Amino acid sequence: TKNRIATENKRYEVVAQISNNYLFEYLVKEEKLYVSEKLNSKIDTFNGEERISKLLKEIAGDFSKNGFEESNYTISLPLLNGDNGIFRVIFSYLKDDRSKVYSIIGKLVDITAEVKEKEHLITQAQLDGLTGLYNVTTSKEAIIKSMRNKPKDSLDALVIIDCDKFKEINDTYGHLQGNIVLKGIAKALNTTLRQTDILGRLGGDEFWVYMHAVPSAGFVQEKCRQLAKV
């Protein structure tokens, strides 16, 4: 059985060299992890292998206690370039004559690009394409959630902003110039207000801001005066 597994691993090692797969074996009793040379050239070996070993040790423990044989996990690993990579962990157990797991053999599949693309699409779906602020749906949901979770002793504020004479700008100078103005307003909002505030575009020349835990109504009024001067 071990010879057959070794042969299969060798074949898969060749395939892995031309793919985004990285082989490993974890010896449960010895608590030792063996990874392919290809993985060593990808991750921060010390910290990365420590994380993998910890995960596989927990998996082996789950199996011993509950017979849990889930073979698909996701793990974040430090890369040699300083970034973090996302890997899908797929594995199988090897058991002895007493059905006790003595080894976990599997592969790490690099899904970093896939995850980042998904996160990018989610972010894009939440933002207004012109100003980069939250779109009306996302900002509305965030504001409702904040209002529901607001502590009783907290003073929050909702500010609605409507730009005067914006139609005249579009009619006189064209929509391109109007878009520049809207972008400028978004920039002013980001510059003047706090990072914890929810900034959204309602549509057209209308914006809204939800401010968490303001010290007083006067604080909100002062922020509005600052915004008008930007």
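Mentor: Happy to! Let's start with the length of α8: at 1.5 Å a residue its 13 residues should span 18 Å, and its end C-alpha atoms lie 19 Å apart, which agrees. The expected span is 1.5 Å times one less than the number of residues. Helices (H or I, at least four residues) and strands (E, at least two) are DSSP runs, numbered from the N terminus.

Keep in mind that this is a predicted model, where local features need pLDDT of at least 70, side-chain atom pairs count only at pLDDT 80 or more, and totals for chains, interfaces and linings use all residues. Residues are numbered from 1 along each chain as its sequence is written, and side-chain values use heavy atoms, leaving out hydrogens and water.

Now look at which side chains of α8 face inward: Val-220, Lys-223 and Leu-227 are buried, meaning under 20% relative accessible area with a 1.4 Å probe and protein chains only, while exposed means over 50% and partly exposed lies in between. Seen down the axis of α8, the buried residues fall within an arc of 60°, so they line one face of the helix; the arc is that of the directions from the helix axis to the C-beta atoms. An α-helix has 3.6 residues a turn, so residues three or four places apart point the same way. On the face turned away from the buried side, α8 carries the exposed Ala-228 and Lys-229.

What do the buried residues of α8 pack against? Their partners are β6, α7 (175-192) and β8, with contact meaning heavy atoms within 4.5 Å.
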